[in-house]
Amino acid sequence: MDITHRYGSHMSDPEKDLIVARPGRVFVAEDDAEMRAILRFALTRRGYEVTEAENGAQALELLGEILLGLGRRHMAPDLVITDQCMPGCQGLDLIEALREV
């Protein structure tokens, strides 16, 4: 995606230089495989890097590795999309655990 398209053509050249062009990172926690595929398709099509978990327990494990693992903090997601009802850990429990990190 072109930076002027993403942030608007009103930006001056020095302002454009300050923006680090990297894709946004989205973490998707969804137990429905079809919904996960739809989200992955829509997000990657728009240039996002997507990491997925198929249930709440896996989401906690993966996010723990990313957020607490040595040298992996740079992989932290910019956005977490979570299903509310999942096996292993509910969506609100996942959000609560993330707030504690």
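What pLDDT does the chain average, and what share of the residues score at least 70? The chain averages a pLDDT (the predictor's confidence in each residue, from 0 to 100) of 82, and 76% of the residues score at least 70. This is a predicted model, in which local features need pLDDT of at least 70 and side-chain atom pairs count only at pLDDT 80 or more, while totals for chains, interfaces and linings use all residues. Residues are numbered from 1 along each chain as its sequence is written, and side-chain values use heavy atoms, with hydrogens and water left out.

Confidence in the chain is highest in α3, at 97, and lowest in helix α1 (residues 3-7), at a mean of 48. Helices (H or I, at least four residues) and strands (E, at least two) are DSSP runs, numbered from the N terminus.

E30 is found in the loop between β1 (25-29) and α3 (33-45). The E30 side chain does reach the backbone nitrogen of D32, at 2.9 Å. Leaving aside neighbours within four places in sequence, E30 is in contact (heavy atoms within 4.5 Å) with residues including R36, D83 and M86.

G91 is found in helix α5 (residues 91-100). Leaving aside neighbours within four places in sequence, G91 is in contact with T82, D83, Q84 and M86. Why is G91 classed as buried? Its relative accessible area is 0%.

Notes
Polar contact = N/O pair within 3.5 Å; in protein donor to acceptor, adjacent residues only side chain to side chain. Buried < 20%, exposed > 50% of the residue type's maximum accessible area, 1.4 Å probe, protein only.
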